[in-house]
Every structure is written in structure tokens, then in C-alpha cells.
Amino acid sequence: MRVSLLAKVLSRRRELRRRESWTRLQLLAHQERSQAELRSFAFEASPFYRRFHQGLGGAPLSELPVLTKATLMEHFDEVVTARGIGLQDLRSFLPRMAAGQLFRGKYYVSATSGTTGQPGVFLWDADEWAGVLASYSRPYAWGGVDPRLTRRTKMAVVSSTTPWHQSALVGATVDSPFIPTLRLDSGTPIDELAARLQACHPDVVVGYATVLGLLAAEQLAGRLAISPLASFSSSEVLTDGTRRTIESAWGRKPFGVYAATETAGIAAECEYHSGMHLFEDTVITEVVDEDYRPVATDEFGAKVLVTVLG
């Protein structure tokens, strides 16, 4: 990790830790202030938002139109606030992208898998990417393994090694003498994954819930012998059965993490493992029905709307 970026990440992490002691009123004030700054910036810098939010400057969040991923990609060249960057430029860059490579030497770029039918492409400058990394580091702190300059923390990430997948880009960015990071593809045969992990002996294992369950089963069968200080599951539902398998294998309960390319971290478990804490200081999350109407807190919704305050 570049020194200047590392300094930005550490500064963001200190700020996130400070916010965790806020009262509810302080949090709501922060959300309101951040929304106002974000909307003002978007309105001024993005031709798309000048049309999309025309006449809505004083409207509450609940009255703003919903921006779908399909609409975002359709109007990308007018949405993006860094003028002179086009979606076609990014799509041409992605197939040639090397691990950790920056677009035009300045921007971090990730793409979604397109499971909803429309792949999304997103980019961040160094300040914004520092916020992404700080967001992902929050669950590690809650899990008792917050990486520091004074403590070398070996990490293994079992997800995707495709350079533009956000987990791979995060792994490539944080890989350093302080946080040596082994990146493994979840599609690799489980015996090969186990052998690679055995050689690494990571302090932290991060991966899809299914893969972590399979690796834990390998440990219980005697074909893997590692002792991670913590494991973090994302991208899939962490079932009770998988939780029990992981805890039996490694002696510690896994931590569930909810994240997305568009938002970075959304929620995560703490040491009590009694549910997920929403990252309400960085992402406003709204659970809604098919018509984008809010549902009650004890009801299931059909969709999740997110407003990224960073």
C-alpha cells in the first residue's frame, strides 16, 4: 500500500472509531449534513443530477427519485463528476487491467458481476478509496484483529482474483509488509485451497460463507491445520450450520459481513454475534417493498436502497 494512501486509511479509521461513540442525535445530524453536502456537490458537478434532482433541493431523501443500476450505467458519462471519463473508456480498461492497476494512474476501478442483469462499473479517487478500505477494516477491529503498523497481520482472502472484482482490488491494495495478503479464487478445488492456506498460516481468513464452511470441514477431517484469529464471511448468507462448522474447526465464531461494490461495508457483526450493526455513518440503508415504499422494521422487504455518504 502506498504510504500516502495508508495515512489516509488510518486517518479514516480513527474517524470511524470516534463515530462509534456518537449518540443517535449526533448520528442523525451527521447524516443530514453529509446528505446535504453530497447532494449539493452532485447537483453542481453532474449534468445528470441537475436534471434528475431538478426542483428537489429541499426535498427529504424519501422524496427523491430512485436511481437504478441500469439508469446509472445508461447515463454514466453524465453522472460521473470527473469530467472527461466515459463508460466506454472504463470498459476498455477492465479487460487489460492488472492487479491493483489504476485507471489513468489515478482512479481505482471495480465492476459488479452483473447477477442482476446489468454489470455496474464504479471508480474512486485516492481519498474515496481510503474510505472504502477504512469501511472494510471496521469489522476486523470488531473481530479483534485490526491490522496496525506495529503488528504484522497475515490475511487470506478467498473470493475472486479477477482484478476488477472489488475484493481482489482491496486485497491488492492492502498487500504490504504489514498486511501480507494471499488472494485465492473461490473456484479453486478445495484441496488446493487448503494446501495454499496451510502454507500461509493466515491470521485472518476472509471468504464466501460456502467456501469457509468447506475449508472448516477440511480442518475437521484432518486435511488442514490452521489457527486463524478470526474469520469473516461475506457475499452469501452465513447459515447456522456453517457457523457451527467454522467454530468447531477454528475455535472461534465467524463474523458475518454485509457489503457491496457500490457501497463498501454496509453492516457487520461484533463480538456478541447477535445481529449486524448497520454502518449508518457511511451508508443510509432503506428496506422497501416492490414500489420503493418503506416496510416496518419487523417485516421483510423486496429491495434495499442505499445512499453512500462518502
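This is a predicted model: local features need pLDDT of at least 70, side-chain atom pairs count only at pLDDT 80 or more; totals for chains, interfaces and linings use all residues.
Residues are numbered from 1 along each chain as its sequence is written, and side-chain values use heavy atoms, with hydrogens and water left out.

**H7 and H8, the angle.** Helix H7 (residues 126-142) packs on helix H8 (residues 166-174) at about 95°, and their axes are 11 Å apart. That makes H7 roughly perpendicular to H8 (65 to 115 degrees; under 35 is roughly parallel, over 145 roughly antiparallel, the rest oblique). Axes are lines fitted to C-alpha atoms, for helices over the stretch in contact, with angles from 0 to 180 degrees between N-to-C directions. Helices (H or I, at least four residues) and strands (E, at least two) are DSSP runs numbered from the N terminus.

**H10 and H11.** The axes of helix H10 (residues 209-220) and helix H11 (residues 240-250) come within 8 Å and cross at roughly 40°. That makes H10 oblique to H11. I counted 9 nonpolar, 5 polar and no charged residues by class in their contact.

**The sheet.** I traced 7 strands in an open sheet, ordered S4-S3-S5-S6-S7-S8-S9, with mixed pairing. Two strands pair if DSSP finds at least two bridges between them. The edge strands, S4 (181-185) and S9 (276-278), each pair on one side only. Then I zoomed in on S5 (residues 204-208) and S6 (residues 230-234), which run parallel and are joined by 5 bridges. Tyrosine 208 stands opposite serine 234 in S6. H10 lies across S3 (155-159), S5 and S6, at about 125° to S5.

**Arginine 104.** Is arginine 104 buried or exposed? I found arginine 104 exposed, at 52% relative accessible area (buried is under 20%, exposed over 50%, partly exposed in between, with a 1.4 Å probe and protein chains only). Arginine 104 sits in the loop between helix H6 (87-93) and strand S1 (108-111). Leaving aside neighbours within four places in sequence, arginine 104 is in contact with Gly84, Ile85 and Asp89.

Definitions and conventions: Ala, Val, Leu, Ile, Met, Phe, Trp, Tyr, Cys and Pro count as nonpolar, Asp, Glu, Lys and Arg as charged, and the others, Gly among them, as polar. Contact means heavy atoms within 4.5 Å.
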